[in-house]
Amino acid sequence: MARLEHLNVTVTDPEATAAMLSDLFGWHIRWQGSAIHGGRTVHIGSDDSYIAVYTGPGGSPQGQADNSYTQRGGLNHIGVVVDGLDAVEAKVKARGYTPHSHADYEPGRRFYFHEENGIEIEVVSYS
């Protein structure tokens with residue numbers, strides 16, 4: 001069976017985004033360095049999957065429609081499974097984000113928030 005290894009998203013500041021994801025989800029930096037088009041990437045996640053947070057040269061996405069590496073937040077949302085939904089929500093609020101769209105559904109509970117790059121993150125717990 002196939003599994004998702006990573007996703008790559010353009011942000012303004014990869015180090016700041018990686019720090020936020022590490023704080024909220026306990027992830028670690030797997031790799032960081034130079035990337036495509038003269039940019040910089042930080043791989044943040046677990047030992048078997050991660051999010052590559054990328055910025056182009058100069059750190060400012062330009063929003064060029066024909067090149068996803070210049071578009072900030074070009075996806076619907078990132079879903080993250082956690083064991084302690086309430087504890088993570090408290091951390092989300094402490095960082096100044098506003099949780100929304102809370103829902104209990106079979107088989108779990110969830111909420112969403114938008115971070116500073118406009119990326120929506122879904123946090124879900126199945127426990």
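Predicted model: local features only at pLDDT ≥ 70, side-chain atom pairs only at ≥ 80, totals over all residues.
Strands E5 and E8, which run parallel, are joined by four bridges. Within E5, Ile 78 and Val 80 make up a covered face, whereas Gly 79 and Val 81 belong to an uncovered one. In general, side chains of a regular strand alternate between the two faces of the sheet.

The sheet to which these strands belong is open and consists of four strands in the order E5-E8-E7-E6, with mixed pairing. Its edges are formed by strand E5, spanning residues 78–81, and strand E6, spanning residues 100–105, each of which pairs on one side only. On average, and with direction ignored, neighbouring strands of this sheet are turned by 20° against each other.

Ala 103 has Arg 110, a residue of E7, as its bridge partner.

Two helices are placed against this arrangement of strands. Helix H2, comprising residues 85–94, packs on the sheet and touches E6, E7 and E8, and the direction of this helix makes about 10° with that of E7. Helix H1, comprising residues 14–25, lies across E5, E7 and strand E8 (120–125), and H1 runs at about 15° to E8.

Terms used:
Residues numbered from 1 in each chain as written. Heavy atoms only, no water. Pairing = 2+ DSSP bridges. Axes fitted to C-alpha atoms, helices over the stretch in contact; angles between N-to-C directions. Contact = heavy atoms within 4.5 Å. Buried < 20%, exposed > 50% of the residue type's maximum accessible area, 1.4 Å probe, protein only.
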